[in-house]
Amino acid sequence: MNVLEWLFDAQLVIGGQVILWREIIGNLFGLASALGGLRRKVWAWPVGIIGNVLLFTVFLGAVFHTPNPVNLLGQAARQVMFIIVSIYGWVQWARHRQVSESAVDPKWAGSRNRIILAITLVGGTLILTPIFRALGSFEPVWADAWIFMGSLLATWGMAKGWTEFWLIWIAVDIVGVPLLVSAGYYASAFLYVFYGAFTLFGFITWMRVQRRAKLAEGVSQA
């Protein structure tokens, strides 16, 4: 076994439960990406992509012959989605950084976009649930579909600079924690709990940034 194979298969055993180190590391990259998003740093996107690649191999347990043979197709598919949307966000933030002091200026999505986000979240979940079920995803499949759609919309919202994207992440975490626990992905479930508190802090932080920007704009106009 070479070094790469050893790193790929490295495991941690806690209380009789086998956890892959790449599940832990992948989630830590995700956490670092969230921190970068909180601070509105361009590097948040490429760091997140690294975590997505690692977690893609984790959630297709039966395909990659991991100790956990459960396939969470929504969780795996959303890693691919993350990579695609993250490339878009990376480009958008990098362009904005060239003409501004920050990579993104937080703003509200607005009533129209909020309605579209809500309809897309619910509608997408209803559409994807039978598809994921037919492909053999872990039950309850609607939860897997909800997490996929919520993650897509939250990542898109982050790329657009909509402060509401933090609230979408909270909705994802509320469903994601019990699903991951029941599927045996304990490292991811634990970090989802932490993400929930972190995203609430992120929402408050971005609101404060908006408030300061508005006050500064008012002063400059006066």
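**View 1. Arginine 114 and its salt-bridge partner.** Arginine 114 is partly exposed at 38% relative accessible area (buried is under 20%, exposed over 50%, partly exposed in between, with a 1.4 Å probe and protein chains only). Its partner is glutamate 164, with the closest N and O atoms 2.7 Å apart (a salt bridge puts a side-chain nitrogen of Lys or Arg within 4 Å of a carboxyl oxygen of Asp or Glu). The two sit 50 residues apart, arginine 114 in helix α5 and glutamate 164 in the loop between α6 and α7. Glutamate 164 is buried, at 8%. Bear in mind that this is a predicted model, where local features need pLDDT of at least 70, side-chain atom pairs count only at pLDDT 80 or more, and totals for chains, interfaces and linings use all residues. Residues are numbered from 1 along each chain as its sequence is written, and side-chain values use heavy atoms, leaving out hydrogens and water.

**View 2. Arginine 133 meets glutamate 139.** A search of the whole structure turns up two salt bridges, and here the N to O distance is 3.0 Å. Arginine 133 is partly exposed at 42%, and glutamate 139 is partly exposed at 42% too.

**View 3. The kink in helix α7.** Helix α7 covers residues 165–183 (helices are DSSP runs of H or I, at least four residues, numbered from the N terminus). A kink of about 30° falls at glycine 176, shortly before proline 178 (the angle between axes fitted to the seven residues ending there and the seven starting there). Buried residues in α7 include Trp166, Trp169 and Gly176. Just after α7, glycine 184 has a positive phi of about 90°.

Terms used:
The expected span of a helix is 1.5 Å times one less than its number of residues.
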